[in-house]
Structure formats: C-alpha cells, structure tokens
Amino acid sequence: MIIPKFLWPFVRYLMGLRANRPPIWQMIREAIEFLGCGSRREIVEYIKRKYGDVNENTIQAHIALCTVNYPSRIYYPQNRRPRDCSTLAYRYDFLFKRDDGRYELYDPNKHGRWLIGEVDGKIRVIGPEGPLEPRKKRKSPQRKMDVST
C-alpha cells in the first residue's frame, strides 16, 4: 500500500516516531551522560521527565540492547552479527552494567574488550574472561483446548 506524502506526519505520529524526539538509544545515552551512572529506574525516569510519554518496555529493551556485557543482547536483530564492541563504532555499544546493577558509559580501557562473536557456531557476547551464556528465550505458554464436552 502506498501512503500519500501528506499523510506521513500522521503516520510517523502513530508509529511513535515524532520528529521532535531522538531515537530511544540516544535518549538512553543522554540520560547516562547526564546521570554519570544510573539504575534502569533512574534512566527511565530521566527519559519520561524529559520526553514525556515514552513506552517503558521499549526503554528497558533498548537498555538491554545497548549493554555490551548483557548476554541476551544477541537476541535483538541489531546484535546478530559479529563485531568488536570496544571500537565504539556501532551506535548500540555504549552501556556497561556494573556488578551493583547500575549502568555507566562503556569504556574499553576500564571495562575490557567486549565482542559479539561466534562460539561453536552460535553468536555469543564475549568478554575479557570468555563467552557469556545468554538466558534461554522464553517460549509462550501453549493453550490447551478443553475438548471434554
């Protein structure tokens, strides 16, 4: 279906791509640069205060997507190809999750070299101490049909 040009602003609005808002990953980066380091809650609160109605689940997903040492980030389409995250060349490689659960900007000199690479034919997050095992994808519960009537 071809959408006429005059309808694009309305379509963008419906899709949540408002012209006055940056992409979610940029909002997260801005929040961390402002906060220095922060919890998921603090990042979400900063974004909601500054940009208004932004879907919290979308913010949470983008935090995972952008965290170099988050093993399950490989399940996002942006992270399915091998790359060296320590070059900081890719826009989604800028967060590091500390042991205390707070996030800060990723610094390869401080946090070590992180990669998305292939291990035994599978894509994995690889840190200074080796590959990390991602959590298994959750399967949606199967509905059982009641046929006893």
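This is a predicted model: local features need pLDDT of at least 70, side-chain atom pairs count only at pLDDT 80 or more; totals for chains, interfaces and linings use all residues.
Contact here means heavy atoms within 4.5 Å.

**Helix H2 and the three-stranded sheet**

Helix H2 lies across S1, S3 and S4, and runs at about 90° to S4. Those strands make up an open, antiparallel sheet in the order S1-S4-S3. Strand S1 (37-38) and strand S3 (95-97) are at its edges, and each has a single partner strand, so one side of each is left without a neighbour in the sheet. S1 pairs with strand S4 (residues 103-105) in the antiparallel sense over two bridges.

Two packed helices are described by the angle between their axes and the distance between the axes. Which helices pack against H2, and at what angle? One is helix H4 (residues 56-66), which packs with H2 (residues 24-35) at about 75° with the axes 9 Å apart. Angles of 65 to 115 degrees count as roughly perpendicular, and H2 and H4 are therefore roughly perpendicular to each other. On the H2 side of this contact are Ile 24, Trp 25 and Ile 28, which meet Thr 58, Ile 59, His 62, Ile 63 and Cys 66 in H4. By class, the contact of H2 with H4 has six nonpolar, two polar and no charged residues.

Another is helix H3 (residues 40-51), which packs with H2 at an angle of about 110°, again with a value of 9 Å between the axes. H2 and H3 are therefore roughly perpendicular to each other. From H2, the contact takes in Met 27, Ile 28, Glu 30, Ala 31, Ile 32, Phe 34 and Leu 35; from H3 come Glu 42, Ile 43, Tyr 46, Ile 47, Lys 50 and Tyr 51. By class, the contact of H2 with H3 has 10 nonpolar, no polar and three charged residues. Ile 28 is listed in the contact with H4 and is listed again in the contact with H3.

Strands of a sheet pair through backbone hydrogen bonds, either parallel or antiparallel. The other sheet to look at is open, with four strands in the order S2-S5-S6-S7 and antiparallel pairing. Strand S2 (83-84) and strand S7 (130-132) are the edge strands, each with a single partner strand, so one side of each is left without a neighbour in the sheet. The pairings across this sheet are set out here.

| Strand pair | Bridges | Sense |
|---|---|---|
| S2 and S5 (residues 115-119) | two bridges | antiparallel |
| S5 and S6 (residues 122-127) | five bridges | antiparallel |
| S6 and S7 | three bridges | antiparallel |

For landmarks along these pairings, Arg 83 has Ile 116 in S5 as its bridge partner.

Which strands form hairpins, and how many residues lie between them? S5 and S6 form a hairpin with two residues between them, and Asp 120 in that turn has a positive phi of about 50°. S6 and S7 also form a hairpin, with two residues between them.

Gly 112 is found in the loop between helix H5 (108-111) and S5. Is this glycine buried or exposed? With a relative accessible area of 18%, Gly 112 is buried, because buried means under 20%. Leaving aside residues up to four places away in sequence, Gly 112 touches Tyr 106, Asp 107 and Pro 128. The C-alpha atoms of Gly 112 and Pro 128 are separated by 5.9 Å, although the two are 16 residues apart along the chain.

**Cysteines**

How many disulfides does the structure hold? The count is zero. Cys 66, a residue of the contact between H2 and H4, is buried with a relative accessible area of 0%. Cys 85 is buried too, also at 0%.

**The whole protein**

Stepping back, the protein has five helices and seven strands. From the N terminus on, the elements run α-α-β-α-α-β-β-β-α-β-β-β. Buried residues make up 36% of the 149 residues. Among contacts with a separation of 6 or more, residues 24 or more positions apart account for 50%.

Notes. Residues are numbered from 1 along each chain as its sequence is written. Side-chain values use heavy atoms; hydrogens and water are left out. Axes are lines fitted to C-alpha atoms, for helices over the stretch in contact, and angles run from 0 to 180 degrees between N-to-C directions. Angles under 35 degrees count as roughly parallel, over 145 as roughly antiparallel, 65 to 115 as roughly perpendicular and the rest as oblique. Ala, Val, Leu, Ile, Met, Phe, Trp, Tyr, Cys and Pro count as nonpolar, Asp, Glu, Lys and Arg as charged, and the others, Gly among them, as polar. A disulfide is a pair of cysteine sulfur atoms within 2.5 Å. Buried means under 20% relative accessible area, exposed over 50%, partly exposed in between (1.4 Å probe, protein chains only). Two strands pair if DSSP finds at least two bridges between them.
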